[in-house]
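Trainee: I'm new to this one. Could you show me the structure and talk me through it?

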Amino acid sequence: MSDGKKYQLGTIGALSLSVVSSVSIVICNKALISTLGFTFATTLTSWHLLVTFCSLHIALWMKWFEHKPFDPRAVMGFGILNGTSIGLLNLSLGFNSVGFYQMTKLAIIPCTVLLETLFFRKLFSRNVQISLVVLLLGVGIATVTDLQLNVLGSVLSLLAIVTTCVAQIMTNTIQKKFKVSSTQLLYQSCPYQAITLFITGPFVDGLLTKQNVFAFNYTPQVLAFIVLSCLISVSVNFSTFLVIGKTSPVTYQVLGHLKTCLVLGFGYVLLRDPFSWRNILGILIALVGMVLYSYCCSIESQQKASAEAVQISQAKEVESDPLISAENGSGILAEGGGGARAPGWNSNKDLHA
């Protein structure tokens with residue numbers, strides 16, 4: 001099997017794992033929060049990360065992956081930022097209406113596109129931009145109902161959007177810059193994320209629920225669902241880093257909106273949640289946007305791969321034929337009249353940047 005096909009299968013596997021695990025943990029947490037009354041989401045997330053770290057430590061001990069230390073300041077900053085973004089998203093939900101919180105999540109894609117365009121010179125084609133607009137429109141129709149604004153909630157939402165975008169962009173860039181796998185990055189950043197949320201979690205949850213997480217009545221049923229949620233979270237955290245590393249932060253956000261649509265559908269089928277024609281219309285429009293986005297990204301990836309293959313083959317032809325190299329070299333000298341001239345590849349440096 002070629003490397004390209006292996007990469008495609010790996011990407012499909014990562015996307016599938018992310019969808020299945022995320023939808024599963026949402027259903028589990030919904031039962032835990034709505035049915036059993038355990039509303040301490042931030043503290044629960046810190047336990048998720050702690051269990052994820054312990055699981056990865058066991059995997060490292062069993063030599064399932066190799067530990068690769070790199071810049072400790074980058075790891076610490078990334079871990080704390082990730083933990084902070086989770087806490088801010090929970091605060092945004094607590095201090096805003098559900099509709100405004102959904103708008104906050106929708107704003108993450110345009111913000112990520114803007115940041116990647118400004119700071120990483122990444123270009124998004126018109127077709128990709130149109131598909132993202134269709135997607136966001138559909139998810140907006142399906143999920144956004146009331147829009148109640150307040151100053152504190154708006155500030156928290158803005159901070160949540162920025163920190164989430166930066167954290168997801170860093171997840172992708174760190175893996176590529178330091179040449180570490182998603183597992184290696186998750187293993188090293190997990191303790192900082194867990195500590196950040198473990199310290200701030202009880203305070204954030206107390207602020208939102210007016211209850212003390214340590215005074216809650218932990219029945220066997222509650223404990224069973226907490227353990228199940230923590231076990232599923234290992235797959236969720238692993239697949240999140242894997243998807244962002246293999247694709248991009250924008251693709252991960254698109255996948256997140258697919259999960260939202262699936263959760264709405266499962267909520268109606270399994271939990272008999274209220275469902276309207278507006279939800280159905282929004283989900284259908286969102287699915288059209290997702291299909292368009294996937295198609296556009298696939299076409300652009302094929303075009304990019306073809307262009308790179310042509311460049312590599314041309315470079316090999318020039319290297320294998322010394323006469324061509326000699327003629328090109330003498331031509332440059334003749335045209336320059338003996339003067340200095342920048343090599344030919346420098347004139348195209350902007351194309352390769």
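**A walk through the model**

Mentor: Let's start inside: in the largest nonpolar core, which has 19 residues, those that touch the most other members are I109, L132, L135, V250 and V254. A nonpolar core here is a set of buried Ala, Val, Leu, Ile, Met, Phe, Trp, Tyr and Cys residues joined through side-chain atoms within 4.5 Å. Buried means under 20% relative accessible area, exposed over 50%, and partly exposed in between, with a 1.4 Å probe and protein chains only.

Trainee: Before we go on, what kind of model is this?

Mentor: Residues are numbered from 1 along each chain as its sequence is written, and side-chain values use heavy atoms, with hydrogens and water left out. Local features need pLDDT of at least 70, side-chain atom pairs count only at pLDDT 80 or more, and totals for chains, interfaces and linings use all residues, as this is a predicted model.

Trainee: Which element gives the most to that core?

Mentor: The elements giving two or more residues to this core are α5 (108-120), α6 (126-143), α10 (249-271) and α11 (277-320). With six residues, the one that gives the most is α6.

Trainee: How many helices and strands does the protein chain have?

Mentor: Helices (H or I, at least four residues) and strands (E, at least two) are DSSP runs, numbered from the N terminus. Along the sequence the pattern reads α-α-α-α-α-α-α-α-α-α-α-α-α. The count for the protein chain is 13 helices and zero strands.

Trainee: What share of the protein chain counts as buried?

Mentor: The protein chain has 353 residues. The part of them that counts as buried is 39%.

Trainee: How far does helix α3 reach from its first C-alpha to its last?

Mentor: Helix α3 covers residues 72-95, which is 24 residues. The expected span is 1.5 Å times one less than the number of residues. For α3 that expected value is 34 Å, and the helix comes close to it, reaching 34 Å.

Trainee: Which residue caps the N-terminal end of α3?

Mentor: Look for a polar contact, a pair of N or O atoms within 3.5 Å; within protein, one must be able to donate a hydrogen and the other to accept it, and residues adjacent in sequence count only if both atoms are side-chain atoms. Here a side-chain oxygen lies 3.1 Å from the backbone nitrogen of R73. The capping residue is D71.

Trainee: And α2: which residue just after it takes a positive phi?

Mentor: The 21 residues of α2 should span 30 Å, and the end C-alpha atoms are 30 Å apart, which agrees. Buried residues in α2 include T42, W47 and L56. Just after α2, a positive phi of about 60° is taken by K63.

Trainee: How many aromatic pairs does a search of the whole structure find?

Mentor: Rings of Phe, Tyr and Trp (its six-membered ring) pair if their centres lie within 6.5 Å; planes under 30 degrees apart are stacked, over 60 edge-to-face, and the rest tilted. By that rule, the search finds ten.

Trainee: What parts does the pair of F40 and F216 tie together?

Mentor: The two rings sit edge-to-face, 5.8 Å centre to centre with 80° between the planes. F40 is buried, and so is F216. The parts tied together are 176 residues apart in sequence, because F40 lies in the loop between α1 (3-35) and α2 (41-61) and F216 in the loop between α8 (182-209) and α9 (220-246).

Trainee: Why are F53 and Y187 called stacked?

Mentor: F53 lies in helix α2 and Y187 in helix α8, so the pair ties together parts 134 residues apart in sequence. F53 is partly exposed at 24% relative accessibility, whereas Y187 is buried at 8%. Their ring centres are 5.3 Å apart and the angle between the planes is 15°, so the pair is stacked.

Trainee: Which residue forms a salt bridge with K122?

Mentor: A salt bridge is a side-chain nitrogen of Lys or Arg within 4 Å of a carboxyl oxygen of Asp or Glu, and the structure holds one. The closest N and O atoms are 3.9 Å apart, and the partner is E116.
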